[in-house]
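Trainee: I would like to learn how to read this model feature by feature. Where do we begin?
Mentor: Let us look at it together.

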Amino acid sequence: FVMIEKLTAEQTAQIAIYRDKWIDVGMSCEPMNFEAAKSAMIKAYELANLPAPTQFYAAASPTAAIELIKKLDSSLSDKDIFDEFIYGCHEAGWLSYYEYFKDVCGIRDCSKLDGLTEYAKHAGWASVYEDVVVIQDRPEHILFDDQGRVHSETDAAIKYRDGTGVYMWHGVRVPAEWITNKSALSAKTALTWENIEQRRAACEIVGWAQVLRELDAKTIDVDDDPMIGTLVEVTIPDVGREKFLKVICGTGREFALPVPPDMTTALGANAWTYDLDGDTLRKLEVRT
């Protein structure tokens with residue numbers, strides 16, 4: 001065989017094409033094509049030198065798949081089933097490499113993955129057993145914040161067509177009720193939540209202004225302009241000392257914004273949120 005040590009210009013140009021193609025595969029929220037996924041899975045078994053399965057089932061979500069499989073085999077736990085999922089369209093990150101090297105660079109050994117590659121283009125996750133395959137639908141939607149983190153303030157960030165889903169706050173998984181019933185989440189619960197990442201998310205959901213009312217905040221600096229605000233320092237359980245800027249916005253509402261620990265004035269902290277220096281911020285006539 002011939003070892004490839006360097007890509008040609010034409011091969012290099014194809015990388016972006018395969019990248020974009022497989023991002024679309026991984027992020028697809030189109031309903032699954034059950035028959036195409038079934039055919040692809042049969043091919044995957046054949047390429048692995050295994051007898052083709054004869055029983056195929058469709059599930060609307062991972063939750064539905066677990067419930068279905070437990071009916072087929074009551075000895076399996078939720079964890080047993082979940083740990084053996086294959087991730088279909090969400091295997092895009094690595095399947096893209098193999099399809100690229102097969103198609104563009106002519107590495108034929110990659111053809112062993114043709115079944116899984118095809119499956120990823122037609123459906124979501126799957127459970128594969130000796131004679132049974134459960135094919136899962138793709139999500140109905142996947143939502144992100146402006147930094148590309150999975151996030152939704154009003155719904156499951158990853159939601160399936162049967163109504164099940166995963167609730168995420170700026171990339172952190174949170175209990176569903178924190179999103180669906182925000183008013184029931186108290187500052188006390190947020191501050192004492194065991195998982196620190198979830199605790200910070202809870203504090204953001206409640207609102208730092210409300211959380212600070214529960215803490216013994218030490219005032220560091222108060223600006224004469226309430227829209228510049230007040231710089232305070234507090235101790236958050238298991239996190240330590242943190243600084244916040246309490247500020248009144250143009251609508252008259254109070255906000256509290258986390259700021260770096262080296263801030264010493266409210267003006268400096270407010271300017272930091274705009275990526276400006278204090279003098280420039282003071283001269284601005286209108287801020288939102």
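Trainee: Which residue in β11 is the bridge partner of Ile236?
Mentor: The partner is Gly240. Keep in mind that this is a predicted model.

Trainee: How many bridges link β10 and β11?
Mentor: Seven bridges pair β10, residues 230-236, with β11, residues 240-248. The sense is antiparallel.

Trainee: In the hairpin of β10 and β11, how many residues lie between the strands, and which one takes a positive phi?
Mentor: Three residues lie between the strands. Asp238 takes the positive phi, near 65°.

Trainee: How do I place this hairpin in its sheet? What is the strand order?
Mentor: Start with the general idea. In a regular strand, side chains alternate between the two faces of the sheet. Now the case here. Four strands form an open sheet, in the order β9-β10-β11-β12. The pairing is antiparallel.

Trainee: Which strands are at the edges?
Mentor: β9 (218-222) and β12 (254-259) are the edge strands. Each of them pairs on one side only. On average, neighbouring strands of this sheet are turned by 30° against each other, with direction ignored.

Trainee: How many bridges join β9 to β10, and how many join β11 to β12?
Mentor: Four bridges join β9 to β10. Six join β11 to β12. Both pairs run antiparallel. For landmarks, find Lys218 opposite Glu233 in β10. Then find Lys243 opposite Val259 in β12.

Trainee: Let me zoom in on one residue. Which residues does Glu242 contact, leaving aside its neighbours within four places in sequence?
Mentor: Glu242 lies in strand β11. Its contacts, with those neighbours left aside, are Arg200, Val232, Glu233, Val234 and Ile236. Check Pro261 too. Pro261 is 19 residues from Glu242 along the chain, yet their C-alpha atoms are separated by 6.4 Å.

Trainee: Arg200 came up there. Which residues line the largest cavity?
Mentor: Arg200 is one of them.

Trainee: How many cavities of 30 Å³ or more does the structure hold, and what volume has the largest?
Mentor: The structure holds one cavity of 30 Å³ or more. The volume of the largest cavity is about 50 Å³.

Trainee: Which helix gives the largest share of that lining?
Mentor: Helix α9, residues 196-206, gives four residues to the lining. By class, the lining has five nonpolar residues, no polar ones and two charged.

Trainee: Now helices. What describes two packed helices?
Mentor: Two packed helices are described by the angle between their axes and the distance between the axes. Take α1, residues 9-27, and α5, residues 92-103. Their axes come within 9 Å and cross at roughly 145°.

Trainee: Is the crossing of α1 and α5 left-handed or right-handed?
Mentor: The crossing is right-handed.

Trainee: Which residues meet there?
Mentor: From α1, they include Gln11, Ile15, Tyr18 and Trp22. From α5, they include Ala92, Leu95, Glu99 and Tyr100. By class, the contact has six nonpolar, five polar and three charged residues.

Key
Residues numbered from 1 in each chain as written. Predicted model: local features only at pLDDT ≥ 70, side-chain atom pairs only at ≥ 80, totals over all residues. Heavy atoms only, no water. Axes fitted to C-alpha atoms, helices over the stretch in contact; angles between N-to-C directions. Helix = DSSP H or I, 4+ residues; strand = E, 2+ residues; numbered from the N terminus. Left-handed = near helix turned anticlockwise from the far one by under 90°. Contact = heavy atoms within 4.5 Å. Nonpolar A, V, L, I, M, F, W, Y, C, P; charged D, E, K, R; others polar. 1 Å grid on protein atoms, 1.4 Å probe; cavity = no way out; pocket = protein on both sides within 12 Å on 5 of 7 lines; lining within 4 Å. Points joined across faces, edges and corners; volume = space filled by probe spheres on them. Pairing = 2+ DSSP bridges.
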